[in-house]
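Visitor: I would like a close look at a single part of this structure, taken slowly and with the cut-offs spelled out.

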Amino acid sequence: MEPVVRLERVRHEFPGVPGVLALDDVDLAAPPGRITALLGPSGCGKTTILRVIAGYLRPGGGRVLLNGRDATALPPERRDIGMVFQSYALFPHLTAAANVAFGLRMRRLRGEHLRRRVRESLDLVGLADLAARRPHELSGGQRQRVALARAVAIRPAVLLLDEPLSNLDARLAVQMRGELRRVQRETGLTAVLVTHDQEEALELADEIAILDKGRVMQHGTPEEVFRAPASRWIADFLGYQNFLDLPGKGLVTVRPEHIGVLRPGDRLPPDAVVLAGTVSDLRFRGTGYAVTVETDESGPVVVLRADAGLAPGTAIRLSVPLARAVGLDGRAP
Amino acid sequence: MSGRHPLLTGIALVALAFLLGPILPVIGIALTAGDTIEFPPRGLSPRWFAEAVAHEPFLAALRTSVLLAAAGTALALLLGLPVALALTRSGARLRAGVGTLFTLPVIVPELVLGYALFQTLMVDLRVDAFGALLAGHTVLLLPYAVRVTGAALARADPSLEEAARGLGATGWTTFTRVTLPVARPGIVAAAVLSVVTSFNNVPLSLLLNGPGTTTLPVEMLHHVEFAFDPLVAAACTLLLALAVAVTLVTERLAGFTHVFGRQEATRWNR
Amino acid sequence: MWHTRTTRLLLAPGLAVLALAFLYPVAAALLAPSPDADGGLAGRLGALAADDHIWRATARTVRIAALTTGLCLLLGLPLGRLIARSPARRQALLLALALFPLLLSTVVRTYAWLVILGRTGLMSTVLTGLGLSDRPTQLLYTETAVVIGLTQLFTPLVVVTSYGAFSQVHPDLEAAARGLGASAGAAFRRIVLPLALPGILVGATLVFAGAVTAFTTPLLLGGARTPTLATLLYTYAGVSVDWRSAGAVALVMTGVVLAAAALAARASAKAVPS
């Protein structure tokens with residue numbers, strides 16, 4: 001299917017820092033009706049990409065296509081985008097309803113037609129009761145919803161979400177993920193989500209592009225990216241802790257929950273590598289204990305255990321199932 | 001974003017030229033060898049500078065102005081800093097009431113204040129001209145002292161003083177070692193603003209003069225009223241050089257736009 | 001929180017000076033009778049009613065101040081906006097350039113216009129030189145000259161207040177408006193301007209009040225033929241020593257300034273409810 005947003009070899013220099021690329025030949029496609037997440041640490045260029053798509057930033061090179069049409073030179077008001085800003089950017093002098101109505105008025109909607117669309121949009125985010133409030137009379141979560149309603153009200157070609165949940169406290173942010181997903185499903189909008197939170201990206205997105213230093217490092221479904229990170233850097237960023245250089249397999253990573261602890265007399269499982277070491281640290285992690293084992297050959301390895309039975313200083317052996325080891329060699333750095 | 005409007009940018013640049021440009025011809029006139037203000041100047045000569053720095057009325061007025069600016073600023077700070085301290089540490093009601101009282105001198109026209117001081121102090125109470133000038137300038141500068149130092153104090157974290165007390169400092173030590181250094185940028189800004197405001201003032205000083213006591217701008221004004229020679233152009237050029245020097249020193253000391261770009265300082269020169 | 005006694009002690013000297021050197025003299029000069037019996041407030045109002053001069057000067061002063069305010073906004077707002085939108089380095093430089101004239105006395109800045117607008121001044125020379133005028137042009141001693149001088153005097157006030165006001169408007173708000181379909185102009189009109197309006201009104205009020213009370217510029221550029229309230233007050237108090245009329249002018253001048261400030265405060269409250 002024709003992607004709604006397509007970037008072709010987009011490059012951009014940091015203003016005032018010639019030669020240093022904020023975006024380095026970025027190719028990207030956002031397929032219709034899906035959420036594409038741009039995931040990366042701060043300064044990786046993800047917000048720059050969003051601003052290029054929205055038209056707030058004219059890239060130094062490359063093309064931006066919206067629904068197949070070259071939009072590189074179009075000003076933002078002619079791109080048909082709905083953007084949710086990290087700061088929400090709600091107009092402080094307008095009520096929630098007037099904020100939502102703003103884009104519709106710009107599209108020459110008037111009267112009953114306008115009122116109905118505003119009501120529908122506020123209903124969609126569950127804020128119909130608060131239509132007459134001004135932004136400063138709303139809570140953080142409510143402002144977030146108004147910003148979302150304002151962006152979807154115009155039924156944009158693409159919904160752009162710039163770290164939409166980063167200003168909410170942790171619990172509310174998790175709750176809003178579900179809301180965001182529901183609104184996107186109900187409206188069927190194509191969305192591009194910028195986030196630095198890997199959990200948020202995994203849960204919300206249909207596709208993830210991982211960015212670093214202005215380049216797309218890996219692009220795939222959440223499962224693909226999570227199960228097979230393309231490099232040590234990506235694995236690191238996704239929260240993998242154990243990096244082992246195994247004979248014959250090169251550099252691999254294994255999740256803590258997949259590593260077993262061998263008791264004296266246990267039989268060696270097939271297709272596993274055994275590492276000997278000493279427990280150096282034990283930390284309670286809610287659902288269990290994270291045990292750090294200083295191994296003789298491979299440095300520190302973290303293992304997840306249900307109980308606190310392994311005291312620091314205990315000498316143990318670990319079994320690493322090769323089937324669970326994700327190879328990181330021979331791919332992009 | 002694309003939308004920088006060429007017409008508006010054009011107007012902005014014209015405005016900047018309009019603000020700065022007109023002073024340049026004055027330098028040309030100051031350098032003339034002729035006897036009148038005319039364009040183009042007749043030959044080049046430093047003679048009017050020599051005459052300006054030797055012109056006794058200007059020199060006497062300069063002495064008055066400098067003394068007045070220094071004394072007025074010192075008094076305003078001495079009176080204003082305690083007020084600012086009291087206001088930052090008191091309740092909202094007192095702050096609103098007394099705070100408003102101290103902004104009044106900025107609202108009442110200076111010419112009216114000068115007229116009022118002339119009547120009550122000079123005519124009724126027989127205070128001499130310098131005394132009346134000092135009273136007027138102190139009152140005029142008081143709002144800057146209160147508000148600019150107050151703004152610096154208000155920005156400071158109140159827990160700084162609590163921390164100092166908690167670490168064993170007495171009230172006085174806390175004041176001299178913590179509060180005063182924290183307020184320093186505000187005090188510097190208020191002092192610079194006050195000196196400039198006092199030194200340049202005309203409407204307040206206009207009526208408050210006596211034998212041998214006139215401020216420099218008023219003396220220059222009277223000279224311009226009656227003589228159309230380039231003497232004042234030379235004096236203006238020297239003051240322009242002084243303003244450039246003040247700009248550079250202020251920039252070094254506290255940041256020029258920090259001192260002169262503040263909202264509470266926008267009523268300071270007329 | 002300090003003891004009330006300390007607070008009182010800190011406030012006392014400042015309040016005393018304020019009362020003696022400001023509140024009492026101003027109240028006495030405006031409202032109370034003075035020793036040489038000018039009849040007090042009633043006498044001043046009587047002088048007002050009788051003196052046609054004062055009313056003509058009031059009308060002229062308000063006219064000049066209104067024109068000046070309009071021109072200062074016209075020039076100052078684009079400059080304030082340009083500065084607010086410039087990168088940090090350039091911002092500081094432009095702001096310093098716009099504020100620099102404020103360091104010069106009004107006498108210096110007004111004198112510059114004498115040099116430019118006078119009969120043998122720069123403009124006259126240029127106009128005759130270009131053949132646009134066959135005799136020396138005299139703009140000096142007209143209301144136009146006063147308005148030009150005052151506009152140059154007070155534009156920095158609009159620049160600094162509007163720069164502050166425009167800087168307060170988060171750039172994301174304008175970006176959001178553009179994204180929602182507003183052109184650059186519409187985004188400015190509907191979002192940026194309403195949000196900056198209170199600050200702009202402050203600037204406008206400062207200019208208006210400044211122009212109403214300005215003395216040097218109307219004296220030097222307006223001359224004797226175009227008296228304003230300020231020059232009239234000076235004439236009555238300093239030259240003809242007519243206390244009743246001087247008091248009357250002072251009263252009108254203060255009234256006009258206070259009325260303008262009240263009007264602006266009202267408009268500002270209306271512009272941004274809550």
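How many residue pairs are in polar contact between chain B and chain C?

Guide: This is a predicted model, in which local features need pLDDT of at least 70 and side-chain atom pairs count only at pLDDT 80 or more, while totals for chains, interfaces and linings use all residues. Residues are numbered from 1 along each chain as its sequence is written, chains are lettered from A and ligands numbered from 1 in the order in which they are written, and side-chain values use heavy atoms, with hydrogens and water left out.

Between chain B and chain C there are 6 residue pairs in polar contact, both residues being at pLDDT 80 or more; a polar contact is a pair of N or O atoms within 3.5 Å, where within protein one must be able to donate a hydrogen and the other to accept it, and residues adjacent in sequence count only if both atoms are side-chain atoms. On the side of chain B that touches chain C, the largest share, 11 residues, comes from helix α7 (residues 110-124) of chain B, helices being DSSP runs of H or I with at least four residues, numbered from the N terminus. By class, that side of chain B has 64 nonpolar, 15 polar and 8 charged residues, where Ala, Val, Leu, Ile, Met, Phe, Trp, Tyr, Cys and Pro count as nonpolar, Asp, Glu, Lys and Arg as charged, and the others, Gly among them, as polar.

The contact (heavy atoms within 4.5 Å) takes 87 residues from chain B and 89 residues from chain C. Salt bridges between chain B and chain C number 0, a salt bridge being a side-chain nitrogen of Lys or Arg within 4 Å of a carboxyl oxygen of Asp or Glu.

Key:
Helix = DSSP H or I, 4+ residues; strand = E, 2+ residues; numbered from the N terminus.
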